[in-house]
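Open the model in your viewer and keep the sequence panel beside it. This tour tells you what to select at each stop.

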Amino acid sequence: MSDRILLIEDETPIADSVAYSLKSEGFSVEVSPDGLSGLTQFRTFAPDLIILDLMLPKLSGLDFCRIVRKESNVPIIMLTAKTEEVDRIVGLELGADDYVPKPFSIRELLARVRAVLRRTEGAKSDDLRASLQVGGILLDLSRRRVTVGEKIVHLPLKQFELLRVLMMNKGRVMTREELFKRVWDADATYDTGTLDVHIRWLREKVESDPSNPQYIRTVRGVGYRIASDGEV
Ligand code: CA
């Protein structure tokens with residue numbers, strides 16, 4: 001499967017020429033003209049890498065970065081104008097992986113894209129537990145991506161963590177309190193209502209029939225467990 005790149009850039013000539021070059025290099029590319037639609041695209045397209053212009057309408061590149069970093073480790077390369085030096089530093093602090101100053105040559109940008117992808121691919125193969133699987137659910141830890149069958153499912157942070165903890169403890173019943181402590185801040189006040197609501201949301205995302213869950217089983221009076229491979 002070719003790597004997927006989300007390009008968020010409001011200047012059409014730049015967006016067009018970058019998208020064209022990336023596609024001719026074999027990447028699968030989606031383009032968003034502003035930060036808000038970029039955020040939607042990020043959640044539905046689940047890119048392997050994001051090229052992000054800093055000055056964007058509707059939602060700035062920095063705000064975009066801030067939101068995405070709460071949900072994902074996807075590599076981000078920023079495109080910055082010279083006058084945006086301060087923003088560039090903030091961007092790197094917010095978790096962008098690299099930046100390319102404007103004006104840039106396509107060749108330079110492609111080299112950065114390849115370098116960043118190589119780094120993340122390397123990190124992935126270093127991590128033997130990079131993915132977890134139960135039946136048709138595949139959880140890719142390094143990309144923070146969940147697929148159910150062929151479908152990519154976007155999970156907000158807490159739901160992702162909940163699924164991750166359940167899947168890491170396959171075959172084990174987790175008490176409600178234990179699950180809560182693992183997913184929320186250890187100091188947070190244990191709240192079974194919050195946990196149950198998140199379990200319900202998670203089921204709506206990954207179960208084909210959320211009212212009769214195959215994967216996330218309720219263990220009455222105790223807590224939850226994820227189904228073992230033989231059960232699904
Ligand atoms: Ca711009």
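Two strands pair if DSSP finds at least two bridges between them. Strands (E, at least two residues) and helices (H or I, at least four) are DSSP runs, numbered from the N terminus. This is a predicted model: local features need pLDDT of at least 70, side-chain atom pairs count only at pLDDT 80 or more, and totals for chains, interfaces and linings use all residues. Residues are numbered from 1 along each chain as its sequence is written, and side-chain values use heavy atoms, with hydrogens and water left out.

Stop 1: Asp-140 has Arg-145 in E8 as its bridge partner. Four residues lie between the two strands of this hairpin, and Arg-144 in the turn has a positive phi of about 50°.

**Stop 2: strand E8.** Select residues 145–148. Arg-145 and Thr-147 point one way, Val-146 and Val-148 the other, and all are buried (under 20% relative accessible area, 1.4 Å probe, protein chains only).

**Stop 3: the next hairpin.** Val-148 has Lys-151 as its bridge partner. Two residues separate E8 and E9, and Gly-149 in the turn has a positive phi of about 65°.

**Stop 4: the calcium ion.** Which protein donors does the calcium ion have? Select Asp-10 (OD), Asp-53 (OD) and Met-55 (O), 2.1 to 2.3 Å from the ion. Donors are N, O and S atoms within 2.8 Å of the metal (3.2 Å for Na, K and Ca); water is not among the atoms, so sites may look incomplete. Asp-53 counts as buried because its relative accessibility is 2%.

Key:
Buried means under 20% relative accessible area, exposed over 50%, partly exposed in between (1.4 Å probe, protein chains only).
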